[in-house]
Amino acid sequence: MDEFLQAARERGYIHQVTDEAALAARMQQGPLSAYVGFDCTADSLHVGHLLSIMMLRLLQRMGHRPVALLGGGTTRIGDPSFRDDARPLLSDAQIETNKAGIRKTFDAFLRFGEGPSDAIMLDNARWLDSLLYIPFLRDVGRHFSVNRMLTMDSVRLRLEREQPLSFLEFNYMLLQSYDFLELRRRHGVALQMGGSDQWGNIVMGVELNRRIDAAEVFGLTTPLLTTASGTKMGKTAGGAVWLNPDRLPAYDYWQFWRNTEDADVGRFLGLFTELPMPEVRRLGALGGAEINEGKKILATEATALLHGRPAAEAAAETARRAFEEGEAAATLPGITASLPAALIDLAVQAGLAASKGEARRLVRQNGLRLNDAPVSDEALVVTEADLRDGAAKLSAGRKRHVLVRAPG
């Protein structure tokens with residue numbers, strides 16, 4: 001088996017492969033180019049995209065060439081996969097803003113350049129924007145069976161729920177397949193990777209290359225990631241876990257990984273760090289309070305990949321002082337709020353609760369603290385008298401802490 005495929009399987013990256021034996025044989029012949037597509041629906045990617053990015057990084061480490069494809073063209077339609085409604089249509093200006101924000105993420109994970117294993121970044125608007133409708137239908141559309149398209153999960157699930165699926169969205173599968181064709185023709189790309197929800201679209205692209213150009217290409221998907229408790233990976237009460245530092249500081253990113261459920265530690269160490277697998281297995285097997293060692297290492301290693309080792313170690317030290325020594329360190333994340341203010345409102349503003357109702361439930365469960373003291377009064381008002389060295393420490397549970405400062 002090819003070194004990349006062996007490492008990817010061992011670390012838990014692989015869910016499905018179109019023809020693993022043939023792909024392994026192709027990879028052993030020399031550097032292969034593989035791509036993942038990222039639509040530009042926001043100005044930052046989030047943790048839900050991280051598994052695909054780590055796959056591209058592993059591919060590069062094993063001597064192959066990663067291709068990050070930005071969906072400047074497909075974002076104008078919106079991927080219907082596993083959605084109950086259509087994505088909002090974005091303006092061209094917003095898409096350009098989002099593309100600029102997304103580009104920053106990849107510099108932390110991939111090496112770009114002109115070498116055989118150096119990453120390249122492309123935009124499918126380059127070929128999709130110039131498509132002529134009738135020639136596209138004649139040359140590409142004739143290779144797609146509507147009967148089969150209706151069986152694909154991205155379409156079938158929407159129809160089963162009796163949710164509307166626009167003709168615009170229905171075309172997404174054709175355009176993603178056409179991307180694969182253009183990438184192979186222009187850049188020799190032979191492998192498309194993506195999440196398991198993309199399997200149908202990827203297979204269609206593999207078949208389109210075969211039908212039009214008699215070319216052999218491959219598809220590979222990663223598993224759908226959920227936590228041990230069944231929740232979607234990368235979602236918190238405060239929303240998406242963004243990868244760009246201007247959307248989520250390094251400390252908050254570290255805290256996200258530190259809050260990993262016990263049962264997920266070993267799996268996430270394999271997927272989201274580059275620790276050797278014997279060490280991953282050792283840490284994942286820890287039990288009781290010792291599993292916290294694995295969580296801290298996971299948080300620091302994952303944060304180091306995105307934000308750099310100094311920022312990761314600073315976040316770990318801040319957390320140690322805040323949690324182990326009870327110190328409200330000046331480097332904790334903070335908000336500015338006019339005081340006096342209701343504690344419930346501050347908890348929502350700080351992202352410790354998604355709503356006032358959730359904040360009140362935290363109080364009733366003794367889960368909200370002010371300056372490390374449990375809060376029992378839902379109507380508590382925080383005033384400047386509560387400030388310690390210019391800030392009040394607001395906590396939810398044992399691991400989430402925010403400093404509240406007054407303006408000026």
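Q: What kind of model is it, and how are residues numbered?
A: It is a predicted model: local features need pLDDT of at least 70, side-chain atom pairs count only at pLDDT 80 or more, and totals for chains, interfaces and linings use all residues. Residues are numbered from 1 along each chain as its sequence is written, and side-chain values use heavy atoms, with hydrogens and water left out.

Q: Start with the sheet. What is the strand order?
A: The sheet is open, has six strands and runs β1-β6-β5-β2-β3-β4, with mixed pairing. Strands are DSSP E runs of at least two residues, helices are H or I runs of at least four, and both are numbered from the N terminus. Two strands pair if DSSP finds at least two bridges between them.

Q: Which strands stand at the edges?
A: β1 (16-17) and β4 (120-123). Each has a single partner strand, so one side of each is left without a neighbour in the sheet.

Q: And how do β5 and β6 run?
A: Parallel, with five bridges joining β5 (residues 189-195) to β6 (residues 218-222). L191 stands opposite F218 in β6.

Q: Which strands does α10 lie across?
A: Helix α10 (residues 172-187) lies across β2, β3, β4, β5 and β6. Its angle to β5 is about 145 degrees. Angles run from 0 to 180 degrees between N-to-C directions, with axes fitted to C-alpha atoms, for helices over the stretch in contact.

Q: Switching to α2. Which residues are buried there?
A: A22, L23, A24 and M27. Buried means under 20% relative accessible area (1.4 Å probe, protein chains only). Their cover includes α1, β1, α3, β5 and β6.

Q: Which residues of α1 meet α2?
A: F4, L5 and R9 in α1 meet E20, L23, A24 and M27 in α2. Contact here means heavy atoms within 4.5 Å. The residues of this contact divide into five nonpolar, no polar and two charged.

Q: Last one, D118. Where is it found?
A: In the loop between α4 (92-109) and β4. D118 counts as buried, at 13% relative accessibility.

Q: Which backbone nitrogens lie by its side chain?
A: The backbone nitrogen of E114 lies 3.2 Å from a polar atom of the D118 side chain. For the backbone nitrogen of G115, the value is 2.8 Å.

Q: What else does D118 touch?
A: Q60, R65, P66, R111, F112 and G113, not counting residues up to four places away in sequence.

Definitions and conventions
Buried means under 20% relative accessible area, exposed over 50%, partly exposed in between (1.4 Å probe, protein chains only). Ala, Val, Leu, Ile, Met, Phe, Trp, Tyr, Cys and Pro count as nonpolar, Asp, Glu, Lys and Arg as charged, and the others, Gly among them, as polar. A polar contact is a pair of N or O atoms within 3.5 Å; within protein, one must be able to donate a hydrogen and the other to accept it, and residues adjacent in sequence count only if both atoms are side-chain atoms.
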